[in-house]
Structures are given as structure tokens and as C-alpha cells.
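Keep the sequence and the 3D view open, and try each task before you look at its solution.

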Amino acid sequence: MNLDFPDTTLSVAGITEYIQVLLEENPILRQVWVIGEVSSANQHRSGLFFTMQDPDRTASIKCVTWNSQVTKLMQLPTVGEQIIILGSIRLYPQRGEYQLTVWQALPAGEGLQALRYQQLRNRLLAEGLFDFARKRSLPLHPQTIAVVTSPTAAAWGDIQRTLKQRYPGLHVLFSPATVQGEQAADSIVKAIERVEGDGRAEVLILSRGGGAVEELACFNDERVVRAVAECSIPVITGIGHQRDESLTDLVADVCVHTPTAAAETVVPSLAELYTQHRQRFDALYDALLASQSQAAYKLQTLRHRLRNLRLDRQVQQEVQKLTWERQRLLQLTKGRSQHAKQHLELLRQKLATLDPKAVLQRGYAVVREENGAIARAASELTIGQDLLLQLAQGKVKVKVLEVDR
């Protein structure tokens, strides 16, 4: 048998170094997530050494977490448990072996879901979405409500029946949604958006019946949680499981455990309203009777006090006094009026005596010059001067013929 050797050959160290470069410089293997079952675990002074294998035990890989990193692991590797680890591949030339240097370990399966749930819950809590101060009160007597649930679920029938029994005539807007499976989260978000786009509903019920934890996973989806938190109207959830609260329950304005309880909470019972109305009517009637009795007693007390004060006699005396004052005022006014009339008559007579016309009536005349001035002395007149004589009746124009000074 003839063997053809190449011109160059690799040493053990050379091929080992080549493989080391391929593994450790590979971008995928430098930060890789691996899921598997812990088959062995040993604590040494330098760190925690453990082995992971597939469930069918067809493959295994050695792992190490150095002491500086052990306390930072979310899940400590324990034999028989499934975990998810994050690490990088390292090759050791002396032994010709590779192993995974682990930085983080997380629980797999339900443990992983629980971890993701807690991480999301802590983040939403830090944002204040669960704060009691941001929760709104439900309207006391809504006329239109919206319901988001599956059209084929028993929850929808329970809600309809409860609303009809408690508050007939209520307007219900149904926005159907898938409430289980991979498409559930998107379906619920779109159903809530339809309700807000319609704009008529005063409150929204988000509901579904009970189920396994995985069947209710959509109510822990961040998209659904934020849609409920940002909804423009109050939201009440009735998701039908009492063992755990979903994140949607925590962010809702009101949370109850069943669809029926949600319907009972969102509207009052007409029978209860009637009973409350009767109670208020009876209380008002009793208060009115008490007020009337108190007023009658107070009136009687005042009447008794008036009789003791004899105010009627005081009023009668005041009336007599006012009557006397009135008569006195009338007499005084009448006397002053009579005196004023007499004084007026005297003044009239004096005025009549001084009236120039009265003098003219006795035969006298008023002599005026042409300029209207009254002639008072003959020395002021000249011969030929025209004068005007004012008689009792009429005027006469004369001419001076002779002046006797």
C-alpha cells in the first residue's frame, strides 16, 4: 500500500490550536445559550463543575462556573433539573477537551416562564402601572358597556345572562377576541382598540373562564397589559382563576375572579336599587316628620314666651301713642296752613294797593318821554317836546305847549 504524504504535516499542538481558534473565535460559540439536564455537579475550590446532557442522553457537555460568577446565577445547577445556560466554548489543549464556561443559568420550562413573569412584573411595577392611585372608579350606572372575550366561551354566556337579570335594557357592545393560544395577545389588543374606536362604552369587561396556567399566558403578555393600562375607559377583569393573579389583573382598574362576578360588579341590581330607593324614601319621610315635630314644638315655645312677655299690651300702647302723635301732627299742620293763608291774603292786599294800574283807575296818568323814561319834573321838559300819557285804558300822545317851572 502506497501512502502519499503531503509536503507539510501538522503537530498535535498545531491542529489543537487550529481547532481552538475555530471554536473560541466563532461568534456563535462565544456567547451561546444551551438547554439541557444537569447530570452531575461538583463544587471545587475554583468553581462549580457540572455536566449537561440531552434528555435522551445522546450527547453531553462539560461546564464550569468560576467562583466569582456562582453567586450571580439565577438558578444553581442541580442534578436532574433542566436549565438554560449562557456561556462560551473554551478548549484546553493539554487534555484535548472543550467545555462551556458559564456566566448565567436560568430555570427551563415552567421555571423559565415564572422568571420571565417576575422580570416583566418588576419592570411594570417600577413604571408605576400597578399603582393604586392610577386606578379609576367604575361608573355607578353605566348605560353602555363593552365586553371582550371569546364568542364561543361559556364566559360570554355567563356575562350576558347576569347583565340581563341585574340590569335589563343595558346596551352591551361585544368585541370578540381569541383568549387562548399564540394569537390571543394580538387578538385581545385589537378587540380593545375596536372598543375605544367605537367610543360609546363607559366601561370594559375583559374576561374568560378558568384554565391551566399555559392557557392563560396571554394575560401575562406585555402587549395586553399595556393595552389595558392605556385604555381610555375603566377596565374590569374577570379571568376566572383564583390561584394566581395575571399581570392584566394587576393593571386593571378593578379585578374579580370570574366572568359572572365581573358582570355583577359593573352594573347594580335593579332590585337592590329599588330597595335602596325605598330605604331613602322612608328615611326622608322620617326626617320630615321629625323636622315638623321639632318646628311645632319650637312654635309652641315661642307662643308661650310671647304670652309671658305681654307684647300684645305693649303693641296696643304703641298704637295708641302713634294715634295721638298723628292727631297732634294733623292739628299742627292745619294751624300752620291757616296762618299761611292769612299771611298770603295780607300780602295780596298790599300788592293790590301798590299796583300802578290801580292808581290809574282813580284818574291818574303816567307821563313818559319818547325814550320811555317817566317824566318827574316840569323843569326836565321843553316846549314842543312829544310826550306819551299812559291812562287807565289806552295811551295818548301829546305835545308840550307851555312849561311852568
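**Exercise 1.** Which residues of helix α6 (residues 222–229) are buried?

*Solution.* Start with the word: buried means under 20% relative accessible area, exposed over 50%, and partly exposed in between (1.4 Å probe, protein chains only). In helix α6, the buried residues are V224, V225, A227, V228 and A229. Helices here are DSSP runs of H or I with at least four residues, strands are E runs of at least two, and both are numbered from the N terminus.

This is a predicted model, where local features need pLDDT of at least 70, side-chain atom pairs count only at pLDDT 80 or more, and totals for chains, interfaces and linings use all residues. Residues are numbered from 1 along each chain as its sequence is written, and side-chain values use heavy atoms, leaving out hydrogens and water.

**Exercise 2.** Find where Q53 sits, and decide whether Q53 is buried or exposed.

*Solution.* First, locate Q53 in strand β2 (residues 47–53). Next, check its relative accessibility: the value is 14%, so Q53 counts as buried. Finally, look for its partners, leaving aside neighbours within four places in sequence: Q53 is in contact (heavy atoms within 4.5 Å) with G36, E37, S39, A59 and S60.

**Exercise 3.** Describe how helix α4 (residues 154–166) meets helix α8 (residues 259–266).

*Solution.* Begin with the axes, lines fitted to C-alpha atoms over the stretch in contact, with angles from 0 to 180 degrees between N-to-C directions. The two axes come within 8 Å and cross at roughly 30°. That makes α4 roughly parallel to α8, since angles under 35 degrees count as roughly parallel, over 145 as roughly antiparallel, 65 to 115 as roughly perpendicular and the rest as oblique. Last, list the contact: A155, D158, I159, T162, L163 and R166 of α4 touch P259, T260, A263, E264 and V266 of α8.
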